[in-house]
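Trainee: Please take me through this model by question and answer, with the cut-offs behind each term stated as we go.

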Amino acid sequence: MCTLWLSLVFVALVNLVPSHGSLDHVTCGSLVKLVNSDYRVRLHSHDVKYGSGSGQQSVTGMQDQEDGNSYWRVDVQNSSTQQYKRGAPVPCGSIIKLLHVNTARFLHSHLFAAPLTNDHQEVSAFGEQGVGDRGDNWQLVCDGDLWARDEEVRLKHVDTKAYLLVSGQVYGRPIKGQYEIAASPKTPGRNSFWTTAEGVFIKPDDGPNRLIHDEF
């Protein structure tokens with residue numbers, strides 16, 4: 001898989017110098033925030049465990065666009081025919097993993113029921129120090145050949161065929177006001193579309209301007 005380890009200090013420094021590049025596609029190793037097209041919340045996690053179900057680290061939807069716990073690193077799984085390198089554009093149909101930057105756990109799903117919407121699957125952050133399992137694999141569903149940064153995409157869980165979505169339910173304490181993130185194999189609606197928002201995008205070529213930081 002393509003990998004990139006950037007410290008939180010580096011991300012903070014880049015945030016202090018907003019600039020806009022011309023990179024049109026999401027690339028391997030980029031750090032991104034994903035915003036839901038329906039509810040306009042960002043995919044988010046934090047070191048707070050679910051009180052039911054798997055007991056794994058919770059994943060929620062966050063309205064605050066400034067929160068640093070909404071950054072995810074895009075990794076593309078290697079195939080037998082192509083070696084994906086850092087900075088390579090991500091093809092539609094790829095199997096990807098999203099690593100939560102602050103806790104080094106992967107976006108994950110399984111057959112546990114979601115905490116608030118029992119007919120949906122729980123979505124969690126799983127693994128230790130960047131090592132997870134096959135439940136971390138998601139298929140990128142989009143039109144065209146490559147993942148465009150301004151394109152609405154869906155993420156389909158490989159093992160269970162369920163789509164990542166915002167259920168519309170809102171948590172109380174201790175994560176009051178955050179939205180439930182879940183997965184469902186049912187015909188996906190508008191709440192299962194995601195686009196990239198803020199991020200640190202890795203250009204395909206080497207050189208001093210290989211990092212592009214965008215804030216919307």
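**Rings, contacts and strands**

Trainee: Does Tyr179 count as buried or exposed, and at what relative accessibility?

Mentor: This is a predicted model, in which local features need pLDDT of at least 70 and side-chain atom pairs count only at pLDDT 80 or more, while totals for chains, interfaces and linings use all residues. Residues are numbered from 1 along each chain as its sequence is written, and side-chain values use heavy atoms, with hydrogens and water left out. Buried means under 20% relative accessible area, exposed over 50% and partly exposed in between, with a 1.4 Å probe and protein chains only. Tyr179 therefore counts as buried, at a relative accessibility of 16%.

Trainee: Into which class does the pair of Tyr39 and Tyr179 fall?

Mentor: One aromatic pair is found in a search of the whole structure. Rings of Phe, Tyr and Trp (its six-membered ring) pair if their centres lie within 6.5 Å, and planes under 30 degrees apart count as stacked, over 60 as edge-to-face and the rest as tilted. For Tyr39 and Tyr179 the ring centres are 5.6 Å apart and the planes meet at 50 degrees, so the class is tilted.

Trainee: How many residues apart in sequence are the parts that this pair ties together?

Mentor: Strands are DSSP runs (E, at least two residues), numbered from the N terminus. Tyr39 lies in the loop between β1 (31-36) and β2 (42-49), whereas Tyr179 belongs to strand β11 (residues 179-184), so the separation of the parts tied together is 140 residues.

Trainee: Which side chain makes a polar contact of 3.5 Å with that of Ser167?

Mentor: Ser167, in strand β10 (residues 163-170), is buried at 17% relative accessibility. A polar contact is a pair of N or O atoms within 3.5 Å; within protein, one must be able to donate a hydrogen and the other to accept it, and residues adjacent in sequence count only if both atoms are side-chain atoms. The Ser167 side chain reaches the backbone nitrogen of Gln169 at 3.1 Å. Its side-chain partner at 3.5 Å is Thr117.

Note on methods
Helices (H or I, at least four residues) and strands (E, at least two) are DSSP runs, numbered from the N terminus.
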